[in-house]
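Please keep the sequence and the 3D view at hand while reading.

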Amino acid sequence: MTIRESLRPVLAVALLAPLSACAGASVPDHHPADTPTASKSAHANPQPVTASMPDIIGGNAGRAAEQMGPGTEVSFKDVSGKGRSVDDPAEWRICHTRPGPNQQITDYPVILGVVRVAESCAGTDLK
């Protein structure tokens with residue numbers, strides 16, 4: 001028997017050992033979703049997501065609505081007393097919000113009381 005022939009089994013084991021170790025490590029015995037804890041948490045009664053109204057008084061109505069995201073229903077109300085429709089919120093400034101700043105949002109739509117950018121919020125009220 002030559003040295004080459006005697007090293008064949010040793011080389012084979014040395015080369016295959018890391019492969020089998022890697023293969024064993026990459027195949028889990030069970031899936032986390034199969035465990036009772038994971039399946040309970042995935043199917044448990046979800047808690048409502050709570051959000052707080054940001055303090056956006058004085059800000060641009062268009063940017064504020066964009067920042068609140070598509071999941072937040074927003075309604076604009078002209079609080080100048082002129083009853084105008086708010087066609088382009090980017091041209092309006094926020095005077096009041098419902099709910100108020102830093103209060104929890106519990107109802108939709110969120111209402112932004114607005115006036116034109118060039119107008120003052122003095123004497124306005126969100127009714």
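## The end of helix 3

Gly-69 follows helix 3 and has a positive phi, near 90°. Helices (DSSP runs of H or I, at least four residues) and strands (runs of E, at least two) are numbered from the N terminus.

## Basis of the description

The model is predicted: local features need pLDDT of at least 70, side-chain atom pairs count only at pLDDT 80 or more, and totals for chains, interfaces and linings use all residues. Residues are numbered from 1 along each chain as its sequence is written, and side-chain values use heavy atoms, with hydrogens and water left out.

## Overall organisation

The protein contains three helices and three strands, arranged along the sequence as α-α-α-β-β-β. Of its 127 residues, 23% are buried. Buried denotes under 20% relative accessible area, exposed over 50%, and partly exposed in between (1.4 Å probe, protein chains only).

Contact means heavy atoms within 4.5 Å. Where contacts join residues at least 6 apart in sequence, 70% of them link residues at least 24 apart.

Helix 3 spans residues 61–68, and Ala-61, Gly-62, Ala-64 and Met-68 are its buried residues. Viewed down the helix axis, these buried residues fall within an arc of 165°, so they line one face of the helix; the arc is taken from the directions from the helix axis to the C-beta atoms. Their cover includes strand 1 (74–78), strand 2 (92–98) and strand 3 (110–116). On the face turned away from the buried side are the exposed residues Arg-63, Glu-66 and Gln-67.

## The nonpolar cores

A nonpolar core is a set of buried Ala, Val, Leu, Ile, Met, Phe, Trp, Tyr and Cys residues joined through side-chain atoms within 4.5 Å. The largest one has twelve residues, including Met-53, Ile-56, Trp-92 and Ile-105. Helix 3, strand 2 and strand 3 each contribute at least two residues to this core. Another core, of five residues, lies apart from it, and Val-79, Cys-95, Val-115 and Leu-126 are among its members.

## Thr-97 in strand 2

Thr-97 belongs to strand 2 and counts as buried because its relative accessibility is 11%. Leaving aside residues up to four places away in sequence, Thr-97 touches Met-53, Ile-56, Ile-57, Ile-111, Leu-112 and Leu-126. A polar atom of the Thr-97 side chain lies 2.8 Å from the backbone oxygen of Pro-99.

How values were computed: A polar contact is a pair of N or O atoms within 3.5 Å; within protein, one must be able to donate a hydrogen and the other to accept it, and residues adjacent in sequence count only if both atoms are side-chain atoms.
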